[in-house]
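Good morning, and thank you for the time. I would ask you to look at the sequence and the structure together as I speak.

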Amino acid sequence: MAKRSIGDIEKIWSNVEGVKKLSDRAVGFGPFGIGMDGLLTWIPVVGTVYSVGAGGWLLTQAIRAKATPGTIARMVGYLGVDVATGEVPIAGDVVDFFFPGHLMAAKALQKDIESTHWVEANERESRASGDHERHVATMKADPTKRRIVYLHD
């Protein structure tokens with residue numbers, strides 16, 4: 001597996017932002033928004049294909065970003081509700097039109113990325129050199145950080 005960099009994580013965050021806007025906020029009015037997911041839900045099969053495809057892509061990005069199991073579970077829950085409601089005739093389409101599942105899943109992943117102290121190194125080597133303690137201290141000094149992820153593992 002190729003070594004990842006902080007730039008790769010920033011690219012994932014940016015790509016997720018694009019899907020978030022396209023799926024659930026292409027057109028916004030105040031706190032509400034409509035996107036491709038809501039519009040395509042009215043077209044049989046096409047809406048489901050888009051919703052599953054975009055959701056699968058978000059989950060792939062979560063795995064690439066080494067998201068926590070809790071974040072991935074939360075994303076699966078949001079995306080599962082989004083897809084399942086779209087399968088119920090008419091009433092489900094109305095719920096899917098207003099339920100921002102992709103937006104919620106994307107925000108969960110972005111929050112996970114933002115709360116991580118990223119290190120472009122291997123954990124074993126970092127522990128051997130004594131750098132690990134410095135990374136732990138850096139993480140503890142920033143109240144927004146909850147975990148350390150070594151990108152070269």
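This is a predicted model: local features need pLDDT of at least 70, side-chain atom pairs count only at pLDDT 80 or more; totals for chains, interfaces and linings use all residues.

Residues are numbered from 1 along each chain as its sequence is written, and side-chain values use heavy atoms, with hydrogens and water left out.

Let us begin with D24, in helix α1 (residues 6-24); helices here are DSSP runs of H or I, at least four residues, numbered from the N terminus. What does the side chain of D24 reach? It reaches the backbone nitrogen of H102 at 3.1 Å and that of L103 at 2.8 Å. D24 is buried and has no salt bridge, and R25, the nearest side chain of opposite charge, is 8.8 Å away. Buried means under 20% relative accessible area, exposed over 50%, and partly exposed in between (1.4 Å probe, protein chains only). Lys and Arg count as positive, Asp and Glu as negative; His and the chain ends are not counted.

The structure holds five salt bridges, each a side-chain nitrogen of Lys or Arg within 4 Å of a carboxyl oxygen of Asp or Glu. One of them joins E17 and K21 at 3.6 Å, N to O. E17 is buried, at 17% relative accessible area, whereas K21 is partly exposed, at 47%.

In helix α7 (residues 123-129), R127 and E123 lie four residues apart, about one turn, and their closest N and O atoms are 3.0 Å apart in a salt bridge.

Conventions: Helices (H or I, at least four residues) and strands (E, at least two) are DSSP runs, numbered from the N terminus. A polar contact is a pair of N or O atoms within 3.5 Å; within protein, one must be able to donate a hydrogen and the other to accept it, and residues adjacent in sequence count only if both atoms are side-chain atoms.
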